[in-house]
Structures are given as structure tokens and as C-alpha cells.
Amino acid sequence: MIQIPFNNRYVTLGETFYVKTRPTPVAKPALIKFNDALARLMGLSPGDLDTADLAAVFSGDTVPEGAEPLAMAYAGHQFGYFSPQLGDGRAILLGEMSGANGACFDMQLKGSGRTFYSRGGDGRAALGPVLREYLVSEAMAKLNVPTTRALAAVATGEPVAREQLLPGGVITRIASSFVRVGTFQYFAARGDVEAVKTLADYVIERNYPGVVSAENPYVAFLEAVIERQARLIAQWMQLGFIHGVMNTDNMSIAGETIDYGPCAFMDAYDHDRVFSSIDHGGRYAYNNQPGIGLWNLTRLAESLAPLLADETDEAIEVAQTLLKSYRAQYEQSRLAGMRTKCGLTAHEDTEQEDKSLIEALLNVMAANHADFTLTFYYLSQLWAQSSEHDGDCRSLFVSPAQFDEWAVTWRGRLSRETRSDEARQANMRAVNPVYIPRNHQIEAAIRAAEDGGDFSVFHDLHEVLQNPYVKQEGKDSYMLPPEPDEVVKQTFCGT
Ligand code: AMP
Ligand code: MG
């Protein structure tokens, strides 16, 4: 049996925070994938366990010793409308453990059966969304983006009823916290200031220990959450990632990407790209993400208001000042990130020039349907003094001459750089991935698994995404955007 040194704190907060719930056993659990590297990072040694044991634990059939499974309560604004009670309807927190230097690893099963919060749902997950979350969350980790991780994926051997019957799955996710903006809203909406404080203290202790000594730790906490979120969303933008459903219940308090539903990476660049089938108004479109981040953080600030100051007016003022800093922090992160992507180091007197250069590139990419990832990847191969090697990059543009025109200005700006071409290129390659989990490839992996029980496509894709910044021998097909008949236009929550 796997030994997990649980140290469960959430369960001690009180019964208003959760409902104790055991996972519902499944018919025939079969392990699809176990993340050994992550297990080791967590200090677990599952090496001597057979796959049947792992399947039993990570399907929820066997509850490991020390686990205190529960479904967490939370509320949330979904597409702008407030639901006072959502909660883990198909997820169960098995427990929490700490690793070296205070790292928190909260372990959650998703797709593990009905809970108090399931409402009309079955508490289950189809295999497709499980594989999708596994691939994308692990790719995000390897792309150096803060994210929940995938520890295991298990097939349940049971069908789940969606538009049609689909094979079922359970994913085990690891997060440094599963508390969401919506968790704070849940208690704030009930006027339970004491619970908001208890929750804030819990999160501060585990995820923001640095703010404890601040004059008002809750102000410093809000400030730190804003900072992490600004940085996170800037990273999404720099990779062409669209979360797809940035409801406040899907925004982690720890600044990690969470809840991979209808998310997608763009192929051809488009500022307003939307993939989610339910995002009719484009609320969560690519370019809206930074603004929605602020909207969600404003909801957090409202929930924390009673802790920010004694008087309401004062609390509002404090919150407004902090929220104002979000835009600046986002812009700063974005500029720094985009400069690196374009091979530019920061000079104070080139700030305006660099911003224009970056916007100009994005505009030319949009007008020419250039592939987001490949444009930056090929840009990382170019030389400052010669356009001789521009072929791959310019061929991504419907009108290559428009790229050429931009490249002239870019090379003009590169003359300010003191680094060698090789050093600049290496720096660019460290942030401009060769491989991203492209929609059509994820779809191919899901189709093979769901339709033919063949997981090899999933495993191969996962393998390539372990090293997204390094070009791998014989893996060129994973770089390619979809052929016209492979294009995935829409993605689904899969709930
Ligand atoms: P999500 O779309 O994952 O952000 O989920 C929104 C809410 O719906 C959360 O409270 C989920 O727990 C709940 N939910 C989603 N799918 C299911 C399901 N299959 N069964 C029960 N609850 C679900
Ligand atoms: Mg969710």
C-alpha cells in the first residue's frame, strides 16, 4: 500500500468549509499513467508498488491511510453571474502533505463520484477530459508556468453518460492549494467574516508565509495574490494559452493555473480567439484574460474587505490602491516576457520603441494568420545582420513581405543589443517553445484512447511535451499546426 505522509489542515477549519465524502468505488480501475517524477518531487516512493495498487488508490477504490477525504465548499461568479454554492461536485480532496522547504502538496481526485455539491451532476469525468487535463497541465509545468499537476490518470471501466456514453476516468491532481477566489466568496456572501478570516489565515500560513509579519497581513496577502495572478496571466499570454473558463471558482488563490476544461493553445494568432463552446460572448477570449483577471481579483478584494481595515471606506481605498497596481504589474511582466521572446534586453530609453515593435509583430501575425508558437520559435533562429535564414519564419505569413518589413525595424533595434547572436538566440529559445499541446494532437490522443483503447498516442504526445523547449529528433510532426481537416474549432468543458 502506498504510504502518503498526510498532514491535513483544511479538515480542522470546521464543518462549514467542507463535507466529508468518500470516493465512490469504480468497476474496473486500470492505471493509464502515473507521474513518477512528480511523486518523487513530493517525497513519495511509489517505485515498489504495482500498477493495480496505484489504480486502486488513484481511482478512489482504496482510500490510503491518513487520508481524510472531503468535498470543499465554494461559490463563484460563472460568466459574471454569482452562484452562492458550487463546491467540489466531482472532486474530492484526499488530503494535504508538505514536502521539503515548506512546499504544499494537496491531493485531489477528480471524477471520483457524487458529493454533497454535485447538484444534478454524476460526479464523474469522461476519459477525454482526464487525458486532456493530464497533457495540458503537465505541459504547462514543463513550460515553467505555475499550475496544478497531474499525478495519475486511471480508467474506471465504467461508462459515463454525456451526449453519448463515454468511457470514464479519474485524474489525481496536485496543487499547492485548492482554495479558490470563490472559496472566499462563499463565506463573504454569507456574511461570515470569521470564516473569511479563518480561511485567509489558513492560506497565508501555507501559501504566503512571507506576509505574516506585515503590518496588516491581509492587505499584504491580497497584494501578493494580485502579484502572482498578474504574472501568471502574463505567462499565459506569452504562450498563446486561453484558459477558457476564468470563473472566480476556477481562479486559484495560490496563483496556479487550475481547472483545465475548454482551455486551448492558439495555433494561428488571433487577439480575440475563443475556443470554449459555451463562451458565446467571448468573455474569456485571449485578449480579455488580463482584464478578467482584474475583475476576479476585485471580487476577492470585496470578500476580504472586512479584514483590510476597520472602516469600510478605508477598506475600499486600500483595495482600490492594490487593484490599481495589477495593471502595472501585468504590463511590466508582459513587457519583460515579450522582450525576451523577441530577443530584446531592457533599456529604459527603448521602452516605447519595444512596445511598438511587439505590438507591430502581433498585428502582422494576426493579419497573416501566422502560427503563434512557430513564429517565435523561428524568430529565435534568426541572425541580426542577415536575413538569409528568414525563410522558415517568413513562410508562416500569408504575405511574407509584411514580415520582412517588420524584420527590418527589428534588426534596427537589435543593433542596440550587445550580446552575440548565439547568446540572444539561446535566450529566446529558453522562452519560445518548439512544442505546445496543440488541440488537434490532444484530440488525436483522446480519439485513439476513447475509440480504440489505444493510449500510445497519449503517451507519445506526453513524452514530447516533457521537453517543450528542446527540438527533438524525429518529432517534427509535433511542431506542426493542424491540416485544414484536423482543425479543432471548439473545445468543451466535458462536464
Ligand atoms: P467547472 O466547470 O469544472 O468549473 O465546474 C463548475 C461546477 O460544476 C463545480 O461546482 C463542479 O464541481 C460542478 N460539476 C462539474 N461537472 C460535474 C459533474 N459531472 N458532476 C457533478 N458536479 C459537476
Ligand atoms: Mg471548476
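Predicted model: local features only at pLDDT ≥ 70, side-chain atom pairs only at ≥ 80, totals over all residues.
**Exercise 1. Describe the surroundings of ligand 1.**

*Solution.* 
- Step 1: Start with the neighbours. Ligand 1 is surrounded by 18 residues, and Gly87, Gly89, Arg90, Gly123 and Asn250 are the closest.
- Step 2: Ask where they come from. Domain 1 (10-178) and domain 2 (202-339) each supply at least three residues of this shell.
- Step 3: Pick out some polar contacts. One oxygen atom of ligand 1 is 2.6 Å from a backbone N or O atom of glycine 87. In the side chain of arginine 119, an N or O atom lies 3.1 Å from an oxygen atom of the ligand. Arginine 124 has a polar backbone atom 3.3 Å from a nitrogen atom of ligand 1.
- Step 4: Finish with the surface. Ligand 1 exposes 480 Å² when taken alone, and 87% of that is buried by the protein.

**Exercise 2. Work out what lines the second largest pocket.**

*Solution.* 
- Step 1: Note the volume, about 520 Å³.
- Step 2: The lining has 29 residues; nearest the centre are Val145, Pro146, Thr147, Ser176 and Glu256.
- Step 3: Several elements give two or more residues, among them helix H1 (36-41), strand S7 (104-110) and helix H6 (217-239). H6 gives the most, with 6 residues.
- Step 4: By class, we find 14 nonpolar, 10 polar and 5 charged residues in this lining.
- Step 5: Domain 1 (10-178) and domain 2 (202-339) each give at least three residues to the pocket lining.

**Exercise 3. How many cavities of 30 Å³ or more are there, and what lines them?**

*Solution.* 
- Step 1: The count is 2.
- Step 2: The largest cavity holds about 50 Å³. Its lining includes Gln229, Trp236, Asn250 and Glu256, with H6 giving the largest share, 3 residues. The classes are 6 polar, 5 nonpolar and 1 charged.
- Step 3: The second largest cavity holds about 30 Å³. Among its lining residues are Leu239, Lys341 and Pro433. Helix H10 (residues 372-379) gives the most, 3 residues.
- Step 4: This second lining has 5 nonpolar, 1 polar and 1 charged residues.

Terms used: Residues numbered from 1 in each chain as written. Chains lettered and ligands numbered in written order. Heavy atoms only, no water. 1 Å grid on protein atoms, 1.4 Å probe; cavity = no way out; pocket = protein on both sides within 12 Å on 5 of 7 lines; lining within 4 Å. Points joined across faces, edges and corners; volume = space filled by probe spheres on them. Helix = DSSP H or I, 4+ residues; strand = E, 2+ residues; numbered from the N terminus. Nonpolar A, V, L, I, M, F, W, Y, C, P; charged D, E, K, R; others polar. Domains from an automatic or database assignment. Near = heavy atom within 4 Å. Polar contact = N/O pair within 3.5 Å; in protein donor to acceptor, adjacent residues only side chain to side chain. Areas by Shrake-Rupley, 256 points an atom, 1.4 Å probe, with all protein chains shown as cover.
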